[in-house]
Structures are given as C-alpha cells and as structure tokens.
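Reader: Please take a close look at the aromatic pairs in this model. I would like the geometry of the rings and their setting in the chain.

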Amino acid sequence: MELDERKKKILKSIIANYLETGEPVGSRTISKYTDLNLSSATIRNEMADLEELGYIVQPHTSAGRIPTDKGYRFYVDNLMEEKEEVEEVKSSLLERVDRMELLLKQVAKVLAYNTNYATMVTAPKYNKTVKFIQLSQVDIDNLLAVIVVEGNIVKNQLIRVNVELANEDILKFNILLNTFLQGASLEDINIEMIQTMKNQAGEYEGILDHIFKGIVEAIHEAKELEIYTSGATNILKYPELGDISKTSELLEKFEDKTELSHILEETAGKDDNDTGIQVYIGDETPVQNMQDCSLVTATYKMPEGATGTIGIIGPKRMDYKKVVNTLKNLTVELDDIFKKGKEVNTDGN
C-alpha cells in the first residue's frame with residue numbers, strides 16, 4: 001500500500017520528533033508539529049494505519065509511537081532523493097597535513113566531534129592488479145621474482161630452480177609473464193590461463209607455481225586495510241544503546257580492526273545512488289550485534305584511482321540529514337585536497 005501525502009507527513013513528523021527527543025511520539029505532539037490542522041483523533045487513526053503497515057510501533061501500551069526499521073528506511077530514502085544543494089563549507093574541516101595517515105586520523109576525529117557518533121576511515125585501497133613482474137638470476141640455483149601490484153606493493157619471491165637458465169631463457173620468461181599477467185587481478189588468473197602459460201613455459205612450468213604463490217601473497221598484502229577510528233565512547237551517550245552487554249560487544253567490534261575491515265569491504269562500492277553514500281539501518285548493517293544501530297558510509301577517491309571508505313556508526317535515530325550532508329561536504333573537501341596538488345604523502349614517509 002502506497003502512502004498518501006497525509007500519512008507521509010505524519011510519518012516524517014513522528015520520525016523527526018523521535019530523532020530529536022528519543023522519546024515515543026504521541027498524536028497530540030504531532031498535531032502541534034505539523035501544518036495539517038488535523039485533530040488528535042484523526043492523527044491517531046492515521047498512526048494506527050502506519051503501525052499496521054509496519055512503519056511505526058508502540059513500545060508500551062500507554063506510550064506513543066517510535067519508528068521501525070521500515071520507517072527509518074522510508075525517511076532515509078526520501079532524504080536521499082531530495083535534490084537540495086549541499087551546504088557550502090563555511091570553513092575547512094581539515095587542516096593541511098603532509099601525510100596521509102595524519103589526514104585520515106584527522107578526518108575520523110573531526111567527524112566524531114561534529115556528529116557525536118563513532119567514526120572510521122580506511123586508507124586508500126588500490127586496485128588489486130599486477131603491475132609488473134621481473135625475474136632475475138641470483139645464482140645458478142635461484143631466481144628472484146619481483147612482483148609489483150597496484151599501490152606499489154612489492155613482493156620478492158626467491159625461486160629455487162633445478163636447471164640452469166640462460167639469460168635468453170629468463171628474458172623469454174619475463175615476456176611470457178608480463179604478457180599474460182600485467183593488469184590481471186587475482187580473479188583473472190584462472191585455470192585456463194595458468195595451463196596456457198605452463199604449456200608455453202615447457203620444461204620450466206614448475207617455476208610458474210612459485211611465481212603464482214608470490215602474486216597471491218602480494219595481492220593479499222595489498223588488500224590489508226589500514227583503519228583509523230574515533231569517538232567509540234560517543235555510543236554510550238544514547239540511552240537506547242545503554243544495554244551493558246550489547247554495548248560492550250559493539251565497542252569490542254569497533255576496536256577489532258579485522259571486523260571493521262570486513263564491514264567496510266562489504267559496503268565498499270555499493271553506492272547505488274548518485275550521492276556516493278549508503279545508509280544501513282538495523283538488520284541491514286553487515287555485522288551482528290548492530291541491530292540497534294545505523295551505519296552510513298561514503299567513498300572518497302584518489303586521482304590515481306584508489307578509493308577509501310568513511311563510516312559513521314550511531315543509533316537508528318541518528319540525525320541522518322546532518323550525517324549525509326557532513327559526508328557530502330567532507331568528500332568534496334578531500335577531492336579538492338587531492339586534485340589541487342595538495343595531496344599528502346601516501347606512503348607514510
């Protein structure tokens with residue numbers, strides 16, 4: 001059943017009031033809150049319909065209503081469809097720094113302070129493709145394979161060989177490797193490709209197994225995410241997240257960088273709207289024990305194609321409008337920093 005305009009206005013009013021107060025909302029409050037000029041009785045009837053449709057729920061018999069996950073989803077989807085201009089940044093959120101690590105720590109800290117929620121930011125993540133492979137002779141028994149993947153992650157793999165290779169053989173091997181593997185991702189290296197390369201390598205096919213091992217290790221190293229967090233204790237400010245056992249579990253997950261990397265990897269690239277921002281509410285969040293929370297993520301991009309993720313965790317009654325606009329402003333500012341030659345040093349040196 002599609003909501004008519006009256007139900008939409010009442011639902012938005014309930015959600016807006018609950019976001020602000022954290023208290024169940026009654027019909028009398030809504031009658032003062034909207035411009036519908038409806039009686040409390042009429043509003044109660046509409047609220048009963050909204051409850052039946054699953055948008056709101058009455059936590060206690062004598063209490064008002066609070067939004068359900070479905071209600072929040074309606075509110076957020078309508079918010080994301082609004083074409084209002086992003087508020088102009090009055091002053092720079094970020095100070096000039098010369099190292100990526102310092103910049104991203106600053107991003108997490110500023111967001112936690114401005115929003116009063118918990119925040120996390122990943123370092124730029126490069127495409128996990130092979131850039132270059134170079135074989136060279138170390139001695140009669142050993143070759144050195146230098147494998148470079150996107151992000152300039154370098155893996156040196158020492159390969160023991162049972163036959164002596166001439167310089168011409170090594171040159172042919174380098175040509176073979178780079179012809180097939182340059183620009184390839186781990187997903188591209190399939191059984192058919194490996195078999196074709198082994199056929200062309202002839203008696204030296206055993207060397208390929210060692211090289212593939214090095215490629216997998218180098219790509220896995222490139223996949224490891226550096227994550228910066230701030231504002232974990234902000235979670236304690238919201239009564240609905242006050243259950244000690246649940247809050248402890250949530251804080252533990254927030255401190256577990258491996259868990260956070262899984263969360264952010266699952267959400268990365270899923271920005272299916274033109275804002276580049278995703279909102280996960282309650283059970284939609286990609287991790288257990290976050291059913292009472294919402295997660296809002298945004299993607300920032302480096303000029304050379306690397307991407308990173310910014311995430312904000314708060315209660316389901318978070319100020320979505322403020323969070324979304326803050327993330328829009330922040331990604332614009334980061335884009336400006338990177339594009340105007342103010343890029344920070346990404347290698348941490």
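**Aromatic pairs**

Author: Tyr55 is buried, and Phe74 is buried as well. The model is a predicted one, and it holds 4 aromatic pairs. One of them joins Tyr55 and Phe74, with 6.0 Å from centre to centre and 80 degrees between the planes, an edge-to-face arrangement. This pair links distant parts of the chain, 19 residues apart: Tyr55 lies in the loop between helix H3 (40-52) and strand S1 (56-57), and Phe74 lies in helix H4 (residues 69-81). Tyr55 also has a charged neighbour: Lys70 lies over the face of the Tyr55 ring, at 4.6 Å from the ring centre.

Another pair is made by Tyr72 and Tyr320. The ring centres of Tyr72 and Tyr320 are 6.1 Å apart. Their planes stand at 55 degrees; stacked would need under 30 degrees and edge-to-face over 60, so the pair counts as tilted.

On burial, the cut-off is under 20% relative accessible area. Tyr72 has 2%, so Tyr72 is buried. Tyr320 has 1%, so Tyr320 is buried by that cut-off as well.

Conventions: Residues numbered from 1 in each chain as written. Predicted model: local features only at pLDDT ≥ 70, side-chain atom pairs only at ≥ 80, totals over all residues. Heavy atoms only, no water. Phe/Tyr/Trp six-rings, centres within 6.5 Å; stacked < 30°, edge-to-face > 60°. Helix = DSSP H or I, 4+ residues; strand = E, 2+ residues; numbered from the N terminus. Buried < 20%, exposed > 50% of the residue type's maximum accessible area, 1.4 Å probe, protein only. Lys NZ or Arg CZ within 6 Å of the ring centre and 35° of its normal.
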